[in-house]
Amino acid sequence: MTFRTETDGIGPIPVPENALYGAQTQRALNLYPVAGQKTLGDYPALVKGLLAVKATAARVNRNHGELDAVLGMNIEIVCQSLMEDFSPALFPVHAFHGGGGISTNMNLNEVVANLVNSKFYNQPPGSYTPAHPNDHINLNHSTSDALQTACHLAARAEGLSLIEAMHRLEHALKCLQRQHRGQQKIARTCLQDAVAIDFADFWGGMLASVESYRDKLTRACDGLLAVNLGANIIGRAGDCSPAFAAECIEALNQTTSGHYTRHCNFYQCSQSLDAQVALAAEVENLAGFLVKMAKDIRLMASGPETGLAEIVLPAVQPGSSAMPGKVNPTIPEFMVQCAMQSIGHCTTVKLSHGHGELDYTPWGMLVITNLLDAVDHLTKGVAVFADQCVIGIRLHPETNKQNVDSLIPTVIELKKRLGYKETSTLVKQLNSDKDALKAYLISLTVDK
């Protein structure tokens, strides 16, 4: 392999001759080994968010004469083309690294500059003329505001994908409600028999939880609409041109077809990543519920002969290499694993948020990569759970009829007639004999 030599603030460094990244990206590659781990390119939503910011900056800067009009247009064109034809290999730095995301921002700045120079000006990589990574691609913003704005764009986009997957789960539960209305099951408290309820009510309880978590996720995603582009380094006014600060949000909305707004306090944005952490909290809460929901469905399908066997799950794959005919509840188990993994990522988000210091939190890359991973795990898990399991659940009528005719439901019916004390005495007298108690209940009905 042949190399070119580039020079940054540290000194000269060899870079592969045809690489579209440059010196600062190469330093990151040398410092933070990637082997077997995720790179920036593995997070396309984040890179595309940052490209949208760069395209926006180029538009505003050329509109106000702070950037040559043709050069600014070419920068915008390259950013748009990278968003439309995304290439992960162009962004090889480790997904998180020291410096508060500097390597992420410079990886992208260098790639855009080199592509502009090669496509429009026939300049080789590393020439950085006329487009320079810092002077032109990074004009009027810093890593701080550009990256955090990109994080909001990325987290919101992925959050909306999770919300769409939850709509599919809601649809599946509504189908079960319609199909199973009027069919009873025995409820359980502390895993012991309780009263008889309608299956439609049981599915309705799950549905209400899913809808509630979806509403909370939606509000958290809406909280990401407030961005700090124009805040530059730590939110201090005047560190970018007034014209850029005044118009960058409107231009961002033109670039993204979004509805983003200027955050009310740029200093807060520099000190804390509150909106991302708020989304992580809702994702973690949802994941906890999904663990319970999937395990409940798995338990209700246990058996088929010696378990609860109240419902039958779709058979999707053989369940044993040694026991012919065995079918395991692999889809609910997949959902549980996705949710548990998601919770782990959310825990990292919380830890990262709590370790920011003073005016700037340098842990943003750890926050956003773990947040995106958490959301991605749930999105995939929920979609599979809804489409491959929940929508196809069938009832086991014989088991449910036998359960509803059991002791506790009979005792509850007697209590309605006789009251708690008299029923309790009767149960003791008849030694909890279900048939005798049922006969007594029938006699009360006949006498009436």
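Mentor: Let's start with a rule: a charge counts as sitting over a ring if NZ of Lys or CZ of Arg is within 6 Å of the ring centre and within 35 degrees of the ring normal. One caveat: this is a predicted model, where local features need pLDDT of at least 70 and side-chain atom pairs 80 or more, while totals for chains, interfaces and linings use all residues. Residues are numbered from 1 along each chain as its sequence is written, and side-chain values use heavy atoms, leaving out hydrogens and water.

Trainee: Fine. Which ring does the charged end of lysine 185 sit over, 4.7 Å from its centre?

Mentor: That's phenylalanine 202. Lysine 185 also lies over the face of phenylalanine 199, at 6.0 Å from the ring centre.

Trainee: And how do I read ring against ring?

Mentor: A pair of aromatic rings is described by the distance of the centres and the angle of the planes. Rings of Phe, Tyr and Trp (its six-membered ring) pair with centres within 6.5 Å; planes under 30 degrees apart are stacked, over 60 edge-to-face, the rest tilted. The whole structure has four such pairs. For phenylalanine 202 and tryptophan 203, the centres are 5.3 Å apart and the planes at 65°, so you call it edge-to-face. Both residues are buried, meaning under 20% relative accessible area with a 1.4 Å probe, protein chains only. Together with Phe199, Phe202 and Trp203 make up one aromatic cluster.

Trainee: Is leucine 414 buried or exposed?

Mentor: Leucine 414 counts as buried because its relative accessibility is 0%. It belongs to helix H14 (residues 407–418); helices here are DSSP runs of H or I, at least four residues, numbered from the N terminus. Leaving aside residues up to four places away in sequence, leucine 414 touches Gly419, Thr423, Leu426, Leu437, Tyr440, Leu441 and Leu444, with contact meaning heavy atoms within 4.5 Å. From leucine 414 to lysine 438 you go 24 residues in sequence but 8.6 Å in space, C-alpha to C-alpha.

Trainee: How many cavities of 30 Å³ or more are there?

Mentor: Two. On a 1 Å grid over the protein atoms alone, a cavity is a set of points where a 1.4 Å probe fits but cannot get out, and lining residues have an atom within 4 Å of a point.

Technical notes:
Helices (H or I, at least four residues) and strands (E, at least two) are DSSP runs, numbered from the N terminus. Buried means under 20% relative accessible area, exposed over 50%, partly exposed in between (1.4 Å probe, protein chains only). On a 1 Å grid over the protein atoms alone, a cavity is a set of points where a 1.4 Å probe fits but cannot get out, and a pocket is an open set with protein on both sides within 12 Å along at least five of seven lines; lining residues have an atom within 4 Å of a point. Grid points are joined across faces, edges and corners, and a volume is the space filled by probe spheres set on the points.
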